[in-house]
Amino acid sequence: MEELRPEFDKRGVKVITVSVDLPEVIADRRYLHGLQATMLSDQALVVTDAFGLRNQGVHSAPPSESAKALPVPATLLVDRDGTVLWRDLSENYQRRSDPSVVLAAMEAHFDTLP
Amino acid sequence: MEKMKPGTKIGLLAAAIAALTAWYWVHLTREVALPEDRTLFVIVFLSCVVLGVAAFIKRTSWFGAVPPVFAIAVGLFFPATMMISEQVVARDSAIEVGDTIPRFISVDDSGTEFDSRSLNGHLVLIKFFRAHW
């Protein structure tokens, strides 16, 4: 996702990531996900549940993981008033929103805002 | 030493391809870089299954049966994980287009509290993902 950094900066988009990883794990692996994003640790799934994105399907976490459930992979575009303009839900955990899909969504939804 | 049976050779080839592809898959998963389109992976894994079966048809030695069994197991396992990893959200509660995002307070990777109010007035991209693995 970090390859879209110039596109985020151009539009002044704040990027937030939410996962159940512990803060230190996120910090360790920050280089993979985006150096400039705000990366939240949602161990108790408080944020995930607020958005209704807890996975109700098969939970296949390795036994070493402490999280009791997981969010469904999802990407949201939100306008300045907090309204969701676009939502991409993954039906397969190994899938993540393709950067080109996210860019097209930003062009369609952010660039047409007044 | 006795000459290697044709099936044993095919089995070894199948096992090598299966092992390399599986290693590459795991590597990409760790780097969160698995492509959206996994068709090629599925083709390669299923080819390993076909080669594994072909090895048995061509006959292997007793020990030579190990690599094709490995190739078939690996070749079936990875496509199977794609099939069972479907994600389900409770439809009535999942946030939708047109909804206002809820207020939330969380903590970032440096341990600093994050209040979603700080997003007011900004365009935002929020990305949920399972975990680093």
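User: In what order do the strands of the open sheet come?
Analyst: In this predicted model, seven strands form an open sheet in the order β4(A)-β3(A)-β3(B)-β1(A)-β2(A)-β1(B)-β2(B), and the pairing is mixed. Two strands pair if DSSP finds at least two bridges between them, and a strand here is a DSSP run of E with at least two residues, while a helix is a run of H or I with at least four, both numbered from the N terminus.

User: Which strands stand at the edges?
Analyst: The edges are held by β4 of chain A and β2 (113-115) of chain B, and each has a single partner strand, so one side of each is left without a neighbour in the sheet. On average, neighbouring strands of this sheet are turned by 30° against each other, direction ignored; the axes behind such an angle are lines fitted to C-alpha atoms, for helices over the stretch in contact, and angles run from 0 to 180 degrees between N-to-C directions.

User: How do I read the numbering, and what does the prediction limit?
Analyst: Residues are numbered from 1 along each chain as its sequence is written, while chains are lettered from A and ligands numbered from 1 in the order in which they are written. Because this is a predicted model, local features need pLDDT of at least 70 and side-chain atom pairs count only at pLDDT 80 or more, whereas totals for chains, interfaces and linings use all residues.

User: Back to β3(A) and β4(A): parallel or antiparallel?
Analyst: Strand β3 (residues 74-78) of chain A pairs with strand β4 (residues 84-89) of chain A in the antiparallel sense, over five bridges, and Ala74(A) has Leu89(A) in β4(A) as its bridge partner. The two strands form a hairpin with five residues between them, and in the turn Gly82(A) has a positive phi of about 90°.

User: New topic: which residues of α2(B) are buried?
Analyst: In α2(B), the buried residues are Phe45(B), Cys48(B), Leu51(B), Gly52(B) and Ala55(B). Seen down the axis of α2(B), they fall within an arc of 115°, so they line one face of the helix; the arc is that of the directions from the helix axis to the C-beta atoms. The face turned away from that buried side carries the exposed residues Thr39(B), Ile43(B) and Ile57(B).

User: Where is Ser47(B), then?
Analyst: Ser47(B) also has its place in helix α2 of chain B, and with 16 other C-beta atoms within 10 Å it is partly exposed. The C-alpha atoms of Ser47(B) and Gly75(B) are separated by 7.6 Å, although these residues are 28 residues apart along the chain.

Key: Buried ≥ 20, exposed ≤ 12 C-beta atoms within 10 Å, placed from the backbone.
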